[in-house]
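Subject: Structure handover

Hello,

Here is the structure we talked about, for your own work. My notes on it follow below.

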Amino acid sequence: MKLHCLRLLPLALSLLVACGKPSVPPPVVVAPAPAKKGTIGVTLLTLQNPFFKVIGDSITAEAAKHGYDTIVLSADTDVARQANHVKDFIVKKCVAIVLSPCESRSIVPVIQEANAAGIPVLTVDIPCNEPGVKLLTQVATDNFGGGKEAGQAMIEALGAAGGKVAILHFKQAESCRLRVKGFREVIDAHNAKADAKINMVMELDGGGAKDVGYKAAEDALQAHGDLRGVFAINDPSALGARAAIEKAGKTAQIVIVGFDGQPEGKQAIKDGKIYADPIQFPDKMGIEIVRAIVKHSKGEDVPKELLIPTSLYRKADAMKDAELK
Amino acid sequence: MTSRSSALSRLLADYGMVVVLALLCAFFSFATHTDQHPTGTDAARQLAASITSQFGKSARVLIAVPSQSDAAAFADTLEATLTKAGVTVVATVKGEPKDARAAMQTAASAGKLDAIATTQASAAWLVFADLPTDFPALGKPPIVQPQTYRWPNFLKRDNLLNIANQIAVIAIVAIGMTLVIVGGGIDLSVGSLIALSAVVTGVLIRDGFGGTDAGSFGMIIASLLAIAASGVAGAINGGLVTRFGLPPFIVTLAMMLVASGGAFLLSHGQSVYQVPDSFVWLGRGADFLSLPNAVVLMVLLYLGAHIVMTRTVLGRYIYAVGGNRLAAEYSGVPIRRVLLATYVASGLLAGLGGVLLASQLKSGAPTYGGMYELYVIAAVVVGGASLNGGSGRMFGTLIGAFTIAVIQNGMNLMNVESYTQKVVLGLVILGAVLLDQLRRRASQRV
């Protein structure tokens, strides 16, 4: 038994250290114009959320137009896994690395490794604003502007009567804090001149998920039976709130404004379950990412931040939407 | 049969997964066999020689490489060699495509270029894609780079170290898991203990030892305390299992929730990053033969664990208790103490894994270690241990951990996207275990 292990040892060690390079033949001048321009490595927060799947797909499609290969990986919200992805991309000598950080602090060391390897790094959807990292650009939704649009939708829906509004928040996310900030700003501005005020009576954690949103909305209805509006920071929590409102039989009394424009959310808008969504454009994010890489490679300037504006999506838009049933 | 071939067949019986791992390595080597682009000084000298011979000594050459240390050294050597040979180096760009564009604009006023020397990375810059239109004054200089050779990406030294480094945390935690599983138990709490230990280390360094100004001594104490805390959690697991006869699955599942919640409470859900730069020594340093410290630590721990399992009374007792508890008890094996020891070891090693992960990522966050327990258990089982207890070998576990790491890394290098990767990883784990089982049965029948 012992003998066998000793025999195994060199094998294990050779696995760890092995490998000199084969002898290098004398270089001759090589003509340029490679058919493929290299691979773009992409590691996204998760691919369980369709939003990120769209980002990945649109990066792949746009990159193909410019002659780049892509590899799109899901970090499954595990920052250590994402770090491994980036390290693999560096070994692969990717021409650019795109990531939506799982954790903006812990991802810093590997971004620095990519910086040291001379590979441009870009973030998509989730920014990394830590010191010490060099990013080509950061592409994200204009969440603040989107929040303002949500505020306008709420004013439009409640009309002259005003009333009580609850916010289903997800405070952990910077993007959601910006959405709520924009929302509050517009409502406050409206209240300053309107007679019938819109009172933001509650701010609950909707968890960004259906089940948590459902419970939060139930609690909100218990506290304020005369609630007239709900602003949820994404579609799943908006749909959770809708379920609670349906259960309470108050669908006529309460309007919901969501955020995102995921297929399920759009369908709910068409069915009149959600009043409106400021919708995000994950496909545009992917396209902007690839354009930034191409621009950089051409030696042109790329802005440090690219914000993709949202657009308000109401029932009328949903009726025209060919993608919905 | 000669003694040599019987020794070989016994080796295969003990470590059949070695074959699977070797096959996987061979496959990925084949699949990632691709053009490699040298950027050493030799490559630079030879490129200089071929430029001189092809374009003559009166040539005017622009050198453009990315801002990276190897590439910069390449550019320096190339420039020096060319200048020595009498060739005019118009400019040497070490930076971004933007810098190359600026240099070409400057160069355009001074006449034509005969060649642009690049590395593979900068040859792909689109700034060179349409020179006749963008910079007509430069003429039509060809883009030249050192000649390539073919070699698998998978087998590059950097990548092999990468794999070892990536799996170090899981492999180290898997040592403890092997002890527990051989003893007939299971420990689901290791993933959460990794997170707890990473957070405790970070919080202690931040609040107790001066944050980013902490000294080595403080960091070592913080790490040891964090490992000890995980050891205590392991002792509680072991105590509940042995004293009260509770099922290990339930006890460690509860501990998984407690430890994870504790990590979130301690860190307030935030990542703890106020640690000194030198904290990354363990996770990212490479002091011994330029092997990563994490890998050296892993190898040492496996050697130690192997000796414990094969050469000590404790090791024998663990096999005995896991194989047949009743028989072990009647033979006078102190069952409770032996099992307790396995859970404590598992806790301590999970704690060490947490410190290592925190060091690699230079911060501790409560989200670390998610699902790690499953990867660790997979590594142990792929390595040949039986979940019924009583059998399993340390080096088998190491092979199992490497199998998982090699599959993940190889697929990343092959451009396989995430959904497919999960399917493949699951199937390979299943296939490996199945193969191992069939081979065992066959060898028993002979």
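Which strand order does the open sheet of four strands in chain A have? The order is β7-β6-β8-β9, and the pairing is parallel. Please keep in mind throughout that this is a predicted model.

In that sheet β7 (198-205) and β9 (255-257) of chain A are the edge strands; each has a single partner strand, so one side of each has no neighbour in the sheet. Ignoring direction, neighbouring strands here are turned by 20° against each other on average. Three bridges connect β8 (residues 227-232) of chain A with β9(A) in the parallel sense, and Val230(A) stands opposite Ile256(A) in β9(A). Helix α6 (residues 174-193) of chain A packs on this sheet and touches β6 (163-169), β7 and β8 of chain A. The direction of α6 makes about 165° with that of β7(A).

Chain A also holds an open sheet of six strands, again with parallel pairing, in the order β2-β1-β3-β4-β5-β11. Its edges are β2 (69-74) and β11 (305-308) of chain A; since each has a single partner strand, one side of each is left without a neighbour in the sheet. From one strand to the next the twist averages 15°. Strand β1 (residues 39-44) of chain A runs parallel to β2(A) and is joined to it by six bridges. Within this pairing, Leu44(A) has Ser74(A) in β2(A) as its bridge partner. The helix packed on the sheet is α2 (residues 50-65) of chain A, which touches β1, β2, β3 (96-99) and β4 (121-124) of chain A. The direction of α2 makes about 175° with that of β1(A).

Next, some notes on helices in chain A. Helices α3 (residues 79-91) and α4 (residues 108-116) of chain A have axes that come within 9 Å and cross at roughly 5°. Angles under 35 degrees count as roughly parallel, and α3(A) and α4(A) are therefore roughly parallel to each other. On the α3(A) side the contact involves Ala83(A), Val86(A), Lys87(A) and Ile90(A); these meet Val110(A), Glu113(A) and Ala114(A) in α4(A).

Helix α10 (residues 282-297) of chain A has 16 residues. From first C-alpha to last it reaches 23 Å, close to the 22 Å expected at 1.5 Å a residue. The buried residues include Met285(A), Ile289(A), Ile293(A) and His296(A). Just after α10(A) comes Gly299(A), with a positive phi of about 85°.

Ala248(A) belongs to helix α8 (residues 235-248) of chain A. With 16 other C-beta atoms within 10 Å, Ala248(A) is partly exposed. Between Ala248(A) and Val54(A) there are 35 Å in space, C-alpha to C-alpha, and the two are 194 residues apart in sequence.

For chain A as a whole, there are 11 helices and 12 strands. Of its 325 residues, 51% are buried. Among contacts in chain A between residues at least 6 apart in sequence, those joining residues at least 24 apart make up 72%. The domain assignment divides chain A into domain 1 (37-135) and domain 2 (143-279 + 314-320), and the C-alpha centres of these two domains lie 32 Å apart.

For chain B the domain assignment gives domain 1 (41-147) and domain 2 (157-445). Their C-alpha centres lie 50 Å apart.

Two backbone angles in chain B may be worth a look. Most residues other than glycine have a negative phi. Met371(B) is not a glycine, yet it has a positive phi of about 70°. Met371(B) sits in the loop between α16 (335-361) and α17 (372-382) of chain B, and is exposed, with 11 other C-beta atoms within 10 Å. Asn415(B), also not a glycine, has a positive phi of about 65°. The loop between α18 (394-413) and α19 (418-445) of chain B holds Asn415(B). Asn415(B) is partly exposed, with 15 other C-beta atoms within 10 Å.

Regards

Key
Residues are numbered from 1 along each chain as its sequence is written. Chains are lettered from A and ligands numbered from 1 in the order in which they are written. This is a predicted model: local features need pLDDT of at least 70, side-chain atom pairs count only at pLDDT 80 or more; totals for chains, interfaces and linings use all residues. Two strands pair if DSSP finds at least two bridges between them. Axes are lines fitted to C-alpha atoms, for helices over the stretch in contact, and angles run from 0 to 180 degrees between N-to-C directions. Two residues are in contact if their C-beta atoms, placed from the backbone, lie within 7 Å. The expected span of a helix is 1.5 Å times one less than its number of residues. A residue is buried if 20 or more other C-beta atoms lie within 10 Å of its own, exposed if 12 or fewer, and partly exposed in between; C-beta atoms are placed from the backbone. Domain bounds come from an automatic or database domain assignment. Angles under 35 degrees count as roughly parallel, over 145 as roughly antiparallel, 65 to 115 as roughly perpendicular and the rest as oblique.
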